[in-house]
Amino acid sequence: MKDFIRASAYSALFCLSASAMAVNSSKTVDELPNLEQESQHSAAAKRISSHFLRSHYKPIELNDVLSSKMFDRYIRSLDLNRNVFLESDIKALEKYRLNFDDAIERGNLSNAYEIYSLNLKRRIERYEYAISLLDETFDYEKKGDVLEYDREDAEWAKTTDELNEFWRQRVKYDSLNLKLAGKDQEKIKELLTKRYERAIKRLKQTKSEDVFQTVMNSFARSIEAHTSYLSPRNAERFQMEMNLSFEGIGAVLQSEDDFTVIRSVVPGGPAELSKKIKPEDKIVGVAQDDDEFIDVIGWRLDEVVELIKGPKGSVVKLQIVKGSSESTVPEVVSLTRDKIKLEDRAAKSEIHTPETGPNAGQNLGVITIPSFYNNLHQDVKKEIAKLKEQDVRGIIVDLRGNGGGSLTEATLLSGLFIDRGPVVQIRTSAGRTRIEQDTDGVTFYDGPLTVLVDRYSASASEIFAAAMQDYGRGVVMGEQTFGKGTVQQHRSLGRIYDLYSNPLGSIQYTIAKFYRINGGSTQHMGVVPDIMFPSAIDPNEWGESQEENALPWDSIPRVNYASVGDATPVLSSMRQNHEKRMSEDPEFAYIFQDIERYKIEKDKKTISLVESERLAEKKERETLRLKRANERLARAGLEKIENIDDLPEDFEAVDPFLVEAASVMFDYVNSGNYASTIDASEKK
């Protein structure tokens, strides 16, 4: 996943993450926080270990092999881009490599705290050095000058001079970005000085819990990709999001290097309704109403969350660097905070009616399902009833971007489209398999069905799509899905008899795996659509299969079930029609162009620090955006524009994937194959 994000947003703002030993300040050392393990952490470490060893799906041994993996992951979490530690630091820390298993077992994490403290010292030294660089005047036309922003697999720097060069690149990069945003040199120095000083201040506010969370997540993720430790504050937020409503912008945030990144947006929330905020966008500034923006690069995630949250009806402004764009200039988005409820994730339906072509005037129903929440199947039943009243010829279930949710709801939703039968198999760590089944004997909707998925469709989405595919109940189309076929359990570490002054947090760990009714796991492989849509995402480069320590694909025996249909006889002609339409559709021409550009640039690890080159790249992007906008306006019968900012606010570009999904559905309906197979199943 990180490779895709990195490639598609290769020129997003990269702030310094601190490096080296260039500044040797006794003042810095004196002011470093005294990081020591708190009393409750010993008990928490032992309880975490006990839960994982006893209950995790994957057999675990606390030994030197696991300790070595923990050490590597811990170092990576502290210095992902290898620009903080020197090679000599890493060699000195090697003495701890095989001690992590013993530390977890004894509940004594003093070595991990020592490593963290050294990293903290190095980071603060580097920020202080960065401030000293702001007195220099950069040459923004120095040919060949680049920022090497992806150093995850690079060699450790051997000397301070090497780290100083990485650091010079970063400071110049930050400075150039502000210059491109219209700031003069005096303002640039002021803003970056504040940014770096604020980062130092926050580093000096590091708490013992921050260290414990980092080392325990290094332990958890060294075991398996979806196993984690949640600090007391994160555990509280998890429960709030699962059980209560909250007031904010309706976006799930995560920390990535020095940035706050949009992980997902809540359907119906302010962020989603703005149409301007998407997953992988970076928040680099926050302002309350008409106040000045506060630069939040380098801030702790919980502090950014607190800044963004606020009472319903109040306004918050965000500076966003688009994750899907190469622009480095932040876009300002104003949002009115609202109460966000789980109900806002509700399924919604709409009518899709082509205005031209052989199917003009004919209705299809589209049900968009953003997540598998409690009572989803009841909401979908209501939406299906509405669509039936409008005589739709078929229904598309849109699961794009749906990361999953309730297993029970995946089964109940599947039951709306079949009479009865198994939906998914679940195998526990003990090797016992249970089958989730639909047993009501009722098919709520027996008309033509297609399922639209993408690479972000995961877990419960994959269960539903796989069941529809295995039963021959509908045609699955889109991208190969994410491939998450595991079940997690959330458990608090606290006990009623605990007398610790601070809470212990909670854990989430994998307890079972999903399997299709045909016996194959969705793990790694996901669901392969019957009709494939073009995608920049190579399944071999992104998804569950690329998650470190993800469980492998395997299979178990097929369960007894009877297919209700089979689209195989018409799939060949449907694919031919699909390919022909895409080759003639200008929107897909844009998509293919973007995919080719992505393939060329995806392995790029540097970005230019030459102002004229960056301006030329920006002009090229803006020219392309304007050209496509005018072509879209022309196709809609509207006047062309001279500037992209003049694009009418109410003008929405078409969703080419949904339009093509509708065309595929009409091919399916018009083939007559669907009706005959349903008739045959009803006669059995």
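Predicted model: local features only at pLDDT ≥ 70, side-chain atom pairs only at ≥ 80, totals over all residues.
Local features require pLDDT of at least 70 and side-chain atom pairs count only at pLDDT 80 or more, whereas totals for chains, interfaces and linings use all residues. Residues are numbered from 1 along each chain as its sequence is written, and side-chain values use heavy atoms, with hydrogens and water left out.

Q: Why is Arg 82 called partly exposed?
A: Partly exposed lies between buried (under 20% relative accessible area) and exposed (over 50%), with a 1.4 Å probe and protein chains only. The relative accessible area of Arg 82 is 23%, and therefore Arg 82 is partly exposed. Arg 82 is located in the loop between helix 4 (64-78) and helix 5 (87-93); helices are DSSP runs of H or I, at least four residues, and strands are runs of E, at least two, numbered from the N terminus.

Q: What makes His 524 count as partly exposed?
A: Its relative accessibility is 24%, so His 524 counts as partly exposed. His 524 belongs to the loop between strand 19 (506-515) and strand 20 (531-532), and its phi is near 70 degrees, a positive value in a residue other than glycine.

Q: What makes a set of residues a nonpolar core?
A: The members are buried Ala, Val, Leu, Ile, Met, Phe, Trp, Tyr and Cys residues joined through side-chain atoms within 4.5 Å. The largest such core has 59 residues, of which Leu 109 and Met 216 touch the most other members. Helix 7 (residues 110-133) gives this core its largest share, 10 residues. Another core, of 43 residues, lies apart from it and includes Leu 387 and Phe 514.
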